[in-house]
Every structure is written in structure tokens, then in C-alpha cells.
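I opened the model to look up the ligand site, a few helices and some single residues. The entries follow in the order I made them.

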Amino acid sequence: MEELASSLQKLGVSQVPAVENTTAFPTYNQVDIYRSHIAECLAPITGAQPNIIYNVLQWTQTLDKGDLMLPVPALRIKGKKPDELAKEIAEKFPDSPLVQKPVADKTFIGFFFKPAPLTQLVLPAILKQGTKYGFNPNFGLKDPKDASSGQKKIIIEFSSPNIAKPFHAGHLRSTIIGGFLGNLYQSAGWDVTRMNYLGDWGKQYGVLAVGFERFGSEEALTANPIGHLYDVYVQVSKISAEEKDRVKELKEQITALQDKNEPVAEREAEISRIENEGIDEEARKYFKRMVDGEPDALGIWRRFRDLSIVKYKDTYARLNIWFDDYSGESQVQNESMDTAARVMAEKGVSEESEGAVVVDLTKYQKKLGKALVKKKDGTSLYLTRDIGAAVERFDKYHFDKMIYVVASQQDLHLAQLFKILEVMGGPYAEVSSRCQHINFGMVLGMSTRKGTAKFLDDILRDVGEKMHDVMRGNEGKYVQVENPEQTADTLGISAVMVQDMSGKRINNYEFDINRMTSFEGDTGPYLQYAHARLCSIARKAELSPADLASADLSLLKEKHAVEVVRSLAQWPDVFVNTLKTQEPVTVLTYLFKMTHLLSSSYEQLSVMKAENRELQVARATLFECAKVVLNNGMRLLGLNPVER
Ligand code: ARG
């Protein structure tokens, strides 16, 4: 703060502008200095409170509209037409060391920051804060303005694949979006717990265990647990389906024979053999043993789970993702589900219906329908386990917020979950009020037809190979890449992730391997290329730390240089806005705008062709700052920026 105060003094601003009762953080976000300054200048002119003005100042869509703008009607000043007021206020705005004379445009007033002071404030802040620039760890505090108030706790549940089932597009999106949200909240100072809630419970896992007894191999299991368990599951499901078909066929034959008064005993015996000894019955018995907590049955189950987790961890690591807690449906305690069932019954939330237990949610909202919470045979369901899990997590972590990153196909499921918790009242309602479903649309064209299931590893390998082909297409550049395999892998992952994050989460998108791996257009490889280019500028200019510290930033006068500085100054605001939208595309849109601006500046701001070393150092410093911002943005998204 003292450093900032003295830089501002040099610029002719006697006190660090910081309007009270706002989220102004002048050391983290230089635009907050301008917001405060403008609000302080406007208060006497308009008669509005500085904090009101502060909060209605908006950022602009394009820099030609200014760096900040004021929608005059938002000040609710009575008696004059907003466009006349806009002109009048702009006219009365005092001379300022930081901003130019404002421009009235209809009912808006545009403010342009004076280039030289902006450069002096922003670039040194970027260099000083480096990998932290733009991120503000105060937003995760219970009180953002009180450092001693303590961190808020958030659980982000994401990825959550099902053991022995394909890792489908929905899991891929959940993984990418959840990883991003983890980074986002962590950078905002929250205490983040990343949780993977595995689909690892239910009768189908009895089927899997039975299948493993018949077709499983220890060797294959240890070598590739996820693939092997899936194969076993496919094989055993096939037999179970055949058995079902056979029973149907036999029943038809029996009806036909009975019509003709012919004997059916043999066929009836076969049906009863299938029903008593077939896969399904065997699986049911096995799962019953698991539910009853029989150690043998659970032991095998635990091994499948543990080995799968080891494998998942490797794959997640390729995406810069890790989990603090591998929970799962199997981990939900009967006790918490029983307690919840009792509360639901006592509060009249649930009712018996033909031997089962249901919750009629149509009372609250028609579209929530009726939800089954206990089957006739007394077993729990997906929804029941989620109720128990939510409460257990609250007891364990006392979270302030919990996010479920799950495909929009499960909108109803989560709406039912939250509503049930809410109407259960007391601590359950408290849990519900802290929960949020972050949903997303589908990926088209990555369908997993039976038998041709895709696993995350396969998807990443496919894209990595394709990326390698694209790279080989440029012979000249290809030979300069030191470790092409690894670079192709990293670029491939970026390609998949950026495509996924390029639209609003809720939109569906087409999985298009050709487009995502292209270096042209708004793609992952394009961002990586932009980053590598900035790295190469710093290398070629042989920019030392001493150069960075002594660079004469007043030399950065060209229109292009000023535009780049203005764009870099927006990054902390983009971060704050992303916390509001919870959309990766908010970051991505900014990064593409910024990198396009850079591409069109290299010619005009050539580092190698600069007239003298001073100018060369100043320009290289500007690009160094751009690199810091691009790097921070990419890492926030979960990308691994490459240097070459
Ligand atoms: N395993 C589930 C599936 O693949 C997703 C779990 C979502 N999370 C939850 N708490 N229900 O469909």
C-alpha cells in the first residue's frame, strides 16, 4: 500500500483513492483506483454517494468505448433527461491526473484512462505480483475487508465417474469445469476441498463381482483395472441379457404349448433354474452380502475401487487435476440414511406408497414430481445416498458452500435433492441453502456405442496423436520442438479443454477433433502458440531481472502499446467477474481478445527492430507482462502453458 501511495503521489494523486463500503482493493486491482477516483470526482457533481457511483461504474465491451463507463440513469437523478445529464456531468468533470475528459454518449459517460499513468501503475504491479497478478485472496474471506475473519470453506464435487462403466463425455466436462472451479475458488482465497463422488454402489456392482469370479484375471486387473473391469462388466451383462431373453422366449413357448395342451414342465424347470441360479440372482445375493457389510464381499469390492482410483489419479494428473477426497456412493453410511428417513417420516415429508417410501414434491413445485427414496425391499437409491452424503459432508467439513458439477441431464435429480433437504428443515435446510448445482450441456459426436466405449485415457491419446500430425505438418517449426511427443500431448489436452470451455456451460457442442487441434481460430493450440511466442521474445531480447526493474516505461507511447496495457489492466476485473459468472468462457473470451491484440502489435512494437536498447527493453517488458497475464489465465483454466 505504501508503495502504491508513493507511485500515486508521483502521478499527482495525494491519497490512494479507495471508496468506503465497496470491494475496492487498490493494490490487487488497479482499475479499483480509477473507480474510486472517478466516484470521488463525480460525487460532488451529481450529489450521489461515492459508493453508489462506484458500484454502477461498468466495464466496457470494447476499448473504443472507454475503460469504464457510467450509465447515467443508474444514478436515479430526478428532473433531467439522462442524455442531457450525461453531457452536463461530463462537462463538469474536473481535470484529473488519471483520467481524460469524459465523453458523453447518449445516456452513458465513457472514461478513458490517461495512458502514461496507467502504464506506470499496471506494469510494475504485474511484474511484482507475477503468478498472483489478478487473483484476489480476500474474496474467500468471511469478511473480504477483514484479514482475520477466516477463510470460507467450499466443497467442489466433480468428475464422479462410475466404476466399470465408460468415462463418458459428461464426466469429461464435469472434470474440466470442476477443475477450473477449484482453481477459481482457490485463487479467490477459499479453502477448497475437491471431491470425487464415485459411482461405486448398487446391484450392478454385485453383477460385476460375479462377473469377475467367472471372467476376471488378477493380472489384467492390476495391469489395467478400469479397462478390465469394464470388459468383465460387458461380458457378464451380455450373459445376463441372454438369460433374460431366454426366459422371455421360454414363457412365450409355454403359453403356446399350453394352448395346445402339451407338456411344459421341462421349460418351467429351465426358467426356475435361471431365476434361482442365473447371474441376476447370484448378483442380487452378492450385493446383499455387500450391503450387510460382509467382509469377504466388501474386500473384493474395495480392491476394485482402490485399483481404479490409482489409475484415475494418473489420468487426472495429465489434466492438472487432483482430489482431496475420493468418496463415493458406497461410502455413505446406513446410519445417516436411516436418520434422514426418520426425519422425513416424522416431518411428513415422505409417505408410504405400495410398500415403498416416496416424497411427493409436486406440493412444492409441479415439475419436481414424486421421488422414490426407499424401494419395496428396503434398499436405498441414488437419491437416498445423495441425501445421506450431503449431511455427512456437512458434518465432516462444515462447508459454507458446496458445488455439484453434474450434467444438466441430472437437473431434476439435484433439484429433488435440494428440495427434499430444504423441506426436512433444521440442519438439513441449512445444508440445502449452501448447495449449488453447476450444470452443463452435452458433447455431441462423442457417443459411446456399446462395446466401443471410450475412456478418458483413450480420448486424450486420440487427440494427442492428431495434434502430433498437425505439428508434423509444419516441418520448419516441428524440428525446433525439443520433445514433440510430450508437447503434442500437452497441446492435445489444451485442445480438448479449450473447446469444452469455449461456450457457455449450458450449451451443447460438437466434439470436432479437426477444429480443436488447429492453430488457427480460437483454439487451445492458438493460446499455447501465443504463450510460446511471448516466451521466445523474452529469450531473444535476453531480458534480465535488472532490465525489467529499470525499464523506462514512458517509452511505451504507441497506440498499440497503450491498448495492450489497457487490456492487461482488465485482467483483475475479469477474474472478479468470473467469480460471478462461474463460467470458464469469461476467462477464455478475455484471453482471446488479449492475444488477438498482441498478434496485431508484434509488427508495430517489434522488439528485435527497436531503434535502441532502451526501447527494446521497454517493449520486451510489456510483452513479459502480457506473458504473465496469459500464463495466469491459462493456469486458472487448468492449462499447462508451454514455453516452446
Ligand atoms: N456418478 C454419477 C453419474 O455418472 C454422477 C454423480 C453426480 N453427483 C452426485 N452427487 N449425484 O451419473
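**Conventions.** For sorting residues by type, I count Ala, Val, Leu, Ile, Met, Phe, Trp, Tyr, Cys and Pro as nonpolar, Asp, Glu, Lys and Arg as charged, and the others, Gly among them, as polar. The model is predicted: local features need pLDDT of at least 70, side-chain atom pairs count only at pLDDT 80 or more, and totals for chains, interfaces and linings use all residues. Residues are numbered from 1 along each chain as its sequence is written, and side-chain values use heavy atoms, with hydrogens and water left out.

**Ligand site.** The shell consists of E157, S160, N162, H171, Y197, Y382, D386, Y404, V406, Q410 and H413. By type, four are nonpolar, five polar and two charged.

I then looked for polar contacts (pairs of N or O atoms within 3.5 Å; within protein, one must be able to donate a hydrogen and the other to accept it, and residues adjacent in sequence count only if both atoms are side-chain atoms). D386 places a polar side-chain atom 2.7 Å from a ligand nitrogen. S160 uses a polar backbone atom, 3.0 Å from a nitrogen atom of the ligand. Q410 has a polar side-chain atom 2.8 Å from a ligand oxygen. Taken alone, the ligand exposes 350 Å², and the protein buries 90% of that. Accessible areas come from the Shrake-Rupley method with a 1.4 Å probe; for residues, only the protein chains shown count as cover.

**Whole chain.** I counted helices (H or I, at least four residues) and strands (E, at least two) as DSSP runs, numbered from the N terminus. The protein chain has 26 helices and 14 strands. Its C-alpha trace spans about 105 × 65 × 45 Å along the principal axes. Of the 644 residues, 53% are buried; buried means under 20% relative accessible area, exposed over 50%, and partly exposed in between (1.4 Å probe, protein chains only). The chain exposes about 30200 Å², and carbon and sulfur atoms supply 50% of it. I took contact as heavy atoms within 4.5 Å. Among contacts between residues at least 6 apart in sequence, 71% join residues at least 24 apart.

**Helix 2.** How many of the 17 residues of helix 2 are buried? The number is 14, so helix 2 is largely enclosed by the rest of the structure. At its start, a side-chain oxygen of N29 comes within 3.0 Å of the backbone nitrogen of V31. Just after helix 2, G47 has a positive phi of about 80°.

**Helix 11.** The 13 residues of helix 11 (residues 279-291) should span 18 Å, and its end C-alpha atoms are 18 Å apart, which agrees. Its buried residues are I279, E281, A283, Y286, F287 and M290. Their cover includes helix 7 (203-215), helix 9 (225-259), helix 10 (265-277) and helix 12 (295-318).

Most residues other than glycine have a negative phi. I noted N320, with a positive phi of about 60°, in the loop between helix 12 and strand 7 (325-328). N320 counts as partly exposed, at 31% relative accessibility. I also noted E542, with a positive phi of about 45°, in the loop between helix 21 (524-540) and helix 22 (545-550). E542 counts as exposed, at 64%.

**D200.** Is D200 buried or exposed? D200 is buried, with a relative accessible area of 0%. I found it in the loop between strand 6 (191-198) and helix 7. Its side chain makes a polar contact of 2.7 Å with that of R305. Leaving out residues up to four places away in sequence, D200 touches I163, Y205, W301, R305, G328, E329, S330 and Q331.

**S350.** I placed S350 in strand 8 (residues 350-353). S350 is buried, at 12% relative accessible area. Its side chain reaches the backbone nitrogen of A345 at 3.4 Å. Beyond four places in sequence, S350 is in contact with M344, A345, V357, V358 and V359.

Methods: Near = heavy atom within 4 Å. Expected span 1.5 Å × (residues − 1).
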